[in-house]
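User: Hi! Could you walk me through this structure and show me how the labels follow from the definitions?

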Amino acid sequence: MELRTVLVVGTGLIGTSAALALRKRGVRVLLADRDPGAVRLARELGAGEEWQATEPPATERADLAIIAVPPAYVASELLELQRIGAARFYTDVASVKAEPIHRAAQLGCDLATYVASHPLAGREKSGPGAAREDLFLGRPWALCPTEEADPEAKAAVLRMIELCGANAVEVSAIDHDRAVAVVSHAPHVAASAVAARLADATDVALGLAGQGVRDVTRIAGSDPGMWLGILSGNASPVAEVLEAVANDLADAASALRSMADGDGTATGELTQLLKRGVVGHDRIPGKHGGPASDYDVVQVVIGDRPGQLARLFQVCDEVGVNVEDVRLEHAPGLPLGIAELSVRPDTATSLTEALRERGWQVP
C-alpha cells in the first residue's frame with residue numbers, strides 16, 4: 001500500500017523519529033502536538049509541517065495517523081481523530097498494547113481502521129531534539145492487530161514500518177506486554193534500583209566507577225514521568241518479573257551473608273545464579289537479530305583528542321577488519337581511555353599487529 005501523507009500526533013522522540021524517517025522516504029508528514037514548542041522544534045528539524053486540527057470533517061485526510069502519546073491517552077486520542085476523520089487508518093507506538101486496545105473498545109473506537117504497534121527502539125533522551133531518522137533501522141517493530149482489524153489497515157501500518165527501516169513482528173497484545181516486561185520494562189526498574197544506590201554513594205565510590213556500572217545504569221537516566229506511565233499500563237506483567245528478580249537477589253544476599261559468617265558451603269546458589277545469568281545473556285540476539293556471535297576484543301589506548309577515533313578506524317579499514325562493536329572507557333582524571341574493538345576472532349591478531357606497527361598502544 002502506498003502512503004502519500006502521514007499524520008504524526010505527538011512529536012516526542014518516537015513520533016519525530018518516525019516523521020524524519022518517513023520524510024526521508026518521500027512521504028508528506030503532518031505534525032500535531034499539544035505542546036506548540038515541540039511541534040515547532042520538530043518542524044525546524046525537518047520532520048514535517050504543522051497540522052491544523054479542525055472540526056469534522058477534517059480539511060485534509062491522511063493515509064495513516066501515528067498516535068505517539070503516552071499509553072493512557074492513546075484511546076482518547078484515537079477516538080478524537082476518528083471523530084474528525086483525520087486519516088483512513090490509525091496506529092499507535094506506545095510501549096504497552098493490551099490496555100490501550102481494551103480502552104479503545106470501551107470508548108467505541110472503530111477497531112477496523114486501527115492496528116496497534118510498538119517500535120522496540122529508543123534512547124535515554126526524550127523530546128524531538130533527541131529524534132533520529134535512523135532510530136528504527138533494523139529494529140523489531142511489534143504489530144498487534146485485533147480480529148476486527150481491516151486487512152488494508154494492517155497493510156498501511158506494515159508499509160509505514162517498512163519505510164522506517166524496521167522489521168515487523170506480529171504478536172498478540174497480551175504476549176507483547178509480557179515480552180516487553182521481561183526485556184524492557186523490568187530491566188528499567190532494576191537499572192533504576194541500582195542507580196538509586198549511587199545517589200548516596202561516597203565520592204570515593206563514584207571516583208572508582210567504571211564501565212560496568214555505567215552499562216548497568218545507562219537506561220536509568222530516562223524521564224521518570226514517561227516511565228511511570230509505561231509501567232502503570234503494564235503493571236502486572238512487570239510486577240511478576242520484578243518479583244522473580246527480587247527472589248533471586250534475596251537468595252544471593254542470603255548466600256553472601258552466610259559466606260561472610262564463614263559458611264564455605266553457601267556458594268552453590270550464588271554460583272547457579274551467575275551461571276543462569278551467563279545463559280540468559282548469551283540468548284540475547286546478536287547483530288542483525290541473528291544468533292549472538294563470539295568476538296575477540298582488541299583493547300587500544302586512545303587519547304581524548306579530536307580525530308583519534310577516526311585514525312583508529314582508518315587502521316581497521318586499511319587492514320580490512322570490520323569492527324562489529326566498539327566501547328569506550330575513560331580513565332578517571334586522565335586525558336585518555338580504552339577503546340574496545342569487537343572483531344571476528346580470525347582478524348584479531350592481524351589488527352593487533354597493524355595497530356602496534358602504527359604506534360598505537362595495545363595492552
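Analyst: Let's start with a definition: two strands pair if DSSP finds at least two bridges between them. Keep in mind that this is a predicted model. Here, three strands form an open, antiparallel sheet in the order β9-β11-β10.

User: How do you know that β9 and β11 are paired?

Analyst: Count the bridges. Eight of them join β9 to β11, residues 336-343, and the cut-off is at least two, so the two strands count as paired. One example is Gly303, whose bridge partner in β11 is Leu336.

User: Which strands does helix α12 touch, and how is the helix angled?

Analyst: Helix α12, residues 308-318, packs on the sheet and touches β9, β10 and β11. Its direction makes about 140 degrees with that of β9. Helix α13, residues 345-357, also packs there, touching β9 and β11, at about 25 degrees to β9.

User: Now Asp63: why is there no salt bridge?

Analyst: Asp63 sits in strand β4, residues 62-67. The nearest side chain of opposite charge, Arg88, is 4.7 Å away. A salt bridge needs the charged atoms within 4 Å, so Asp63, though buried, has none.

User: What makes the approach of Arg4 to Asp63 a polar contact?

Analyst: The backbone nitrogen of Arg4 lies 2.7 Å from a polar atom of the Asp63 side chain. The cut-off is 3.5 Å, so this pair is within it.

Methods:
Residues are numbered from 1 along each chain as its sequence is written. This is a predicted model: local features need pLDDT of at least 70, side-chain atom pairs count only at pLDDT 80 or more; totals for chains, interfaces and linings use all residues. Side-chain values use heavy atoms; hydrogens and water are left out. Helices (H or I, at least four residues) and strands (E, at least two) are DSSP runs, numbered from the N terminus. Contact means heavy atoms within 4.5 Å. Axes are lines fitted to C-alpha atoms, for helices over the stretch in contact, and angles run from 0 to 180 degrees between N-to-C directions. Buried means under 20% relative accessible area, exposed over 50%, partly exposed in between (1.4 Å probe, protein chains only). Lys and Arg count as positive and Asp and Glu as negative; His and the chain ends are not counted. A polar contact is a pair of N or O atoms within 3.5 Å; within protein, one must be able to donate a hydrogen and the other to accept it, and residues adjacent in sequence count only if both atoms are side-chain atoms.
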